[in-house]
Amino acid sequence: MKKIAIFPGDGIGPEIVDAARLVLDAVDQAAGLQLQCTDGLVGGAALDAADDPLPEASLQLAMAADAVILGAVGGPCWDNLPPAKRPEQGLLRLRKHLDLFANLRPAQIFLQLLSASPLRPELVQDVDILVVRELTGDIYFGQPRGVEIVNGKRRGHNTMVYDEDEIRRIAHVAFKAAQGRRKQLCSVDKANVLETTRLWREVVTELAPEYPDVSLTHMYVDNAAMQLIRAPAQFDVLLTGNMFGDILSDEASQLTGSIGMLPSASLGEGRGMYEPIHGSAPDIAGQDKANPLATILSIAMMLRHSLGAEQWAQRVEMAVQKVLDAGLRTADIAAPGEAVIGTRAMGQAVVQALQL
Ligand code: NAD
C-alpha cells in the first residue's frame, strides 16, 4: 500500500486534479495498487482556510506520503499579500521540506499538436527531451547574498555554490534517466568561466564509467540555449544546475507550444511530487475548460518514479496519445473551428482509452 497526498490548490487546480483522479482511480483498481489517497490544502485555498499557505497538517500529510500530487497554486485575490503569505510560498516550502532535489521536466512533441509549436514542424517533430534540473542548490540558495552599500553605492551579490555530493546525486538521477531512454546525456555548464561549473563538469565526468551504456557530452549553457532552438531534436537528457535549468526547462517546454500538456516530477530520496508545469489559470477557472492532460501525464510520471509501475505509466501515456489521435481536444489545443470537450470529459476519455 502506498500513501498519496493530493493538493488540488487554486484556480483550475481542483478541476484538473479531479479529472486526473479519474485516471488514477481506474489504474489503482485495475493494477491492484491499493493506493491510500488523502486530500490536503495548499496555496490560496490553505490561506483562506487556515491563514497559512502550508498549514502544519498539510506538511505532515506530505511528509507521511510516498508521493504528492499538486494541481496549481495562486490567483489574483492573493496577489497583494505580504511575501510570507503568498500562495507560492506553500509550494516552495513543500519542495524544501521534502528535499526534492531533482526536477524532471519532459518536453515531448505530440505529433497531433505539431502546429502549436512556434518552430517549424521539421525542427520539432522528433523532439523528446528530458530536462533534469538540480533544485535545491546553486546561486538561488548560496550564501552570502544580499544588497549592501559599499563606498556609498548599492551593491548586490549572490553566491553560486555546489559541493561534489550535490552534483553527484543529481548526476546519478540524470544518468539513470538516460539509461531508460536513448542513452544520451548532455551536461550543461559554463566551465569556461565559472569554477563552480568546472567542478560540475569534473564530477559528472568522474561518474561516467559507472554508466558505460550512456554517452556523455558537455555543452556550455549559452550554446545549449541556442541549440534548443536551432536543432532541439539532438537532445535526449539535459542535465543542469538550478539556475541554468530554470531557464532552459522553460525554453524547452515552449518547443511544444502547449502548456496544458507538460508534466513534471520533483524527486527526493524516496519521495516525489508530481505537478503540471502550468499555473492556476484564473482566467478559465471553474469553467470546465482547462486541459487536464499535463496533470494526467504527471500521474504517469508518479506511476513510473514513485510507484514502480512503469507499464502502467506507459499505458497512461499511450491512452493520452489515443485521445489525441481520436481528435479529442480541450480549447487550448484545438485548432480554430475544431470541436472542443471539457476538463472532466477529457479525463473520462483517457480512462476509456486505457481499455481496462
Ligand atoms: P498560467 O500557467 O496559470 O496561465 C498562462 C496561460 O495559459 C493562461 O492563458 C491560461 O488560461 C493558460 N493555461 C494554463 N494552464 C492551462 C491548462 N491546463 N489548460 C488550458 N489553458 C491553460 O500562468 P499565469 O497566468 O502566469 O499565472 C496564473 C497564476 O498561477 C499566478 O497566480 C501564478 O503565480 C500561478 N502559477 C502557479 C504555478 C504553480 O502552481 N506551479 C506555476 C506558474 C504560475
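Let me start in a loop: Pro-144 sits between strand 5 and strand 6 (146-150), where helices (H or I, at least four residues) and strands (E, at least two) are DSSP runs numbered from the N terminus. Gln-143 and Pro-144 are joined by a cis peptide bond, with omega at about 0°.

A quick word on what you are looking at. This is a predicted model, in which local features need pLDDT of at least 70 and side-chain atom pairs count only at pLDDT 80 or more, while totals for chains, interfaces and linings use all residues. Residues are numbered from 1 along each chain as its sequence is written, and side-chain values use heavy atoms, with hydrogens and water left out.

Gln-34 is not a glycine, yet its phi is positive, near 55°. You will find Gln-34 in the loop between helix 1 (13-31) and strand 2 (35-39). Is Gln-34 buried or exposed? Its relative accessible area is 56%, so Gln-34 is exposed; buried means under 20%, exposed over 50%, and partly exposed in between, with a 1.4 Å probe and protein chains only. The other one is Gln-355, again not a glycine, with a positive phi of about 50°. Gln-355 lies in the segment after helix 12 (343-353), and because its relative accessibility is 59%, it counts as exposed. As background for all this, most residues other than glycine have a negative phi, and most peptide bonds are trans.

Now, the ligand. How many residues surround the ligand? There are 19, and the closest are Val-73, Gly-279, Ala-281, Asp-283 and Asn-291; a residue is near a molecule if one of its heavy atoms lies within 4 Å of it. That shell divides into nine nonpolar, seven polar and three charged residues. Here Ala, Val, Leu, Ile, Met, Phe, Trp, Tyr, Cys and Pro count as nonpolar, Asp, Glu, Lys and Arg as charged, and the others, Gly among them, as polar.

Please zoom in on the backbone here. A polar backbone atom of Ala-281 is 2.8 Å from an oxygen atom of the ligand. For Val-73, a backbone N or O atom lies 2.9 Å from a ligand oxygen, and for Ser-280 a polar backbone atom is 3.0 Å from one. On its own the ligand has 800 Å² of accessible area, and the protein covers 66% of that, by the Shrake-Rupley method with a 1.4 Å probe.

On to the annotation. Under "binding site", an unreviewed UniProt entry lists Arg-95, Arg-105, Arg-133 and Asp-222; such annotations may be inferred rather than shown by experiment. These residues span 128 residues of sequence and are also spread in space, up to 28.0 Å between C-alpha atoms. Arg-133 belongs to strand 5 (residues 128-134), and it counts as buried because its relative accessibility is 11%.

One more residue: His-97, in helix 4 (residues 87-97). At 43% relative accessibility, His-97 counts as partly exposed.

Finally, the wider view. The UniProt entry, unreviewed, gives residues 3-350 as "domain: Isopropylmalate dehydrogenase-like". Over residues 3-350 the chain is 40% helix and 20% strand, with the end C-alpha atoms 23 Å apart. Thanks, everyone!

Terms used. Polar contact = N/O pair within 3.5 Å; in protein donor to acceptor, adjacent residues only side chain to side chain.
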